[in-house]
Amino acid sequence: MNKYLIDLHTHTNCSTHAYSTLEENISAAKKKGLEAIAITNHGPAIPDGPHIWSFINLKCLPDYINGIRVYRGAEVNILNKNGDVDLDDDILNKLEIVLGGFHSIEIYGDTLDIYKNTEAAINCIKQNKIDIFVHLGNPKFPLRYDDVLIEAKKSNIAIELNNSSFTTSRAGSEKNCEEILRLAKKYENYIALGSDAHFSGSVGELTKVIQLLEKVDFPEELVINKNIEKLEEFLHVRKQSKQISTS
Ligand SMILES: [Zn+2]
Ligand SMILES: [Zn+2]
């Protein structure tokens, strides 16, 4: 068992390229000694994402299932240079945690333009709709990390370290993630850890990202996955940041 008791990034088979049910993911979380998981299926702009009703109806789930706190979430897609995302505000406002980032060349267009990507990321952060910016070390979407992290810090949006980026997905992320984490240490960004599990066997799998935290000697108090209490503290800070930006 590791010292981080929450997996903030998991998919169920509502996303068509993921293969386990919610209950299978919960059983896996329980076996690994976790306290909580976030269900974060893909936003509807990519063909593999579920229909919007899948997000609207998360309200039918209890907070705790089989002893595991299940946070109602989504992983939305940045659609354009304005930083717009693919779920409407009325749906996003009902979710407990919103992950967001770049995914698909098909919906976003040319991805190698570092200035366009940075502008899109900063505009998304300024819209203040996402709580966690996911896998920004992806070499397919180059970014000016300094600029993005400084902007994220202003609204206390967490930066994700995605364990799958070190194993099965987004080849070449590792070097970028180390650079991002060193900058996050400098700017004191919150960090979120996620397995990005698309199969129950990967739920709670955070080995690689924990190794990187240790390598960079990253301050533990900035990692929001420690336990439910710590995550709730972060979500409270985020709520306040959103209120300031809408008032
Ligand atoms: Zn996916
Ligand atoms: Zn994901």
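1. Cysteines. The sulfur of Cys124 has its closest cysteine sulfur in Cys177, at 18 Å, which is too far for a bond. Taken from the side of Cys177, the closest cysteine sulfur is that of Cys124, again at 18 Å and too far for a bond. A disulfide would require the two sulfur atoms to lie within 2.5 Å. The structure accordingly holds zero disulfides. Cys124 is buried, with a relative accessible area of 2%, and Cys177 also counts as buried, at 5% relative accessibility. It should be kept in mind throughout that this is a predicted model.

2. His17 and His42 link distant parts of the chain, being 25 residues apart. His17 belongs to the loop between β1 (6-10) and α1 (22-31), whereas His42 belongs to the loop between β2 (36-39) and α2 (53-56).

3. Exposure of two of these histidines. His17 has 25% relative accessibility and therefore counts as partly exposed. His42 has 4% relative accessibility and therefore counts as buried. The cut-off that applies to His42 is that buried means under 20% relative accessible area.

4. The zinc ion (ligand 2). This ion is coordinated by His9 (NE2), His11 (NE2), Glu75 (OE) and Asp196 (OD), at 2.0 to 2.2 Å. The spacing of its donors along the chain is H-x1-H-x63-E-x120-D. The four donor atoms subtend angles of 80 to 170 degrees around the zinc ion (ligand 2), and the arrangement is therefore irregular. For a tetrahedral assignment, all angles would have to lie between 85 and 135 degrees.

5. How far apart are the zinc ion (ligand 1) and the zinc ion (ligand 2)? The separation is 4.2 Å.

6. Salt bridges around Arg72. The whole structure contains 14 salt bridges. Side chains of opposite charge can pair when their charged atoms come close. One of the bridges joins Arg72 to Asp63, with an N to O distance of 2.8 Å. Arg72 counts as buried, at 11% relative accessibility, while Asp63 is partly exposed, with a relative accessible area of 37%. Arg72 also meets Glu96 in a salt bridge, at 2.8 Å from N to O. This second pair links distant parts of the chain: Glu96 is in the loop between α3 (89-92) and β5 (97-101), Arg72 is in strand β4, and the two are 24 residues apart. Glu96 counts as partly exposed, at 24% relative accessibility.

7. The side chains of Asp131 and Lys242 meet in a salt bridge of 3.7 Å, N to O. Asp131 lies in the loop between α5 (114-127) and β6 (132-133) and Lys242 in helix α9 (residues 228-246), so this pair ties together parts of the chain that are 111 residues apart in sequence. Asp131 is buried, with a relative accessible area of 2%, whereas Lys242 counts as partly exposed, at 28% relative accessibility. Elsewhere, salt bridges that share partners join Asp63, Arg69, Arg72 and Glu96 into one network.

8. A nonpolar surface patch. Ile52, Trp53 and Ile56 make a nonpolar surface patch of about 310 Å². Trp53 is found in helix α2. Is Trp53 buried or exposed? At 62% relative accessibility, Trp53 counts as exposed, because exposed means over 50% relative accessible area.

Technical notes. Residues are numbered from 1 along each chain as its sequence is written. Chains are lettered from A and ligands numbered from 1 in the order in which they are written. This is a predicted model: local features need pLDDT of at least 70, side-chain atom pairs count only at pLDDT 80 or more; totals for chains, interfaces and linings use all residues. Side-chain values use heavy atoms; hydrogens and water are left out. Donors are N, O and S atoms within 2.8 Å of the metal (3.2 Å for Na, K and Ca); water is not among the atoms, so sites may look incomplete. Helices (H or I, at least four residues) and strands (E, at least two) are DSSP runs, numbered from the N terminus. Buried means under 20% relative accessible area, exposed over 50%, partly exposed in between (1.4 Å probe, protein chains only). Patches are made of residues with over 30% relative accessible area and no salt bridge: like charges are joined within 9 Å, nonpolar side chains (Val, Leu, Ile, Met, Phe, Trp, Tyr) within 5 Å. Accessible areas come from the Shrake-Rupley method with a 1.4 Å probe; for residues, only the protein chains shown count as cover. A salt bridge is a side-chain nitrogen of Lys or Arg within 4 Å of a carboxyl oxygen of Asp or Glu. Four donors count as tetrahedral if all angles lie between 85 and 135 degrees; four count as square planar and six as octahedral if opposite donors are over 155 degrees apart and all others between 65 and 115; anything else is irregular.
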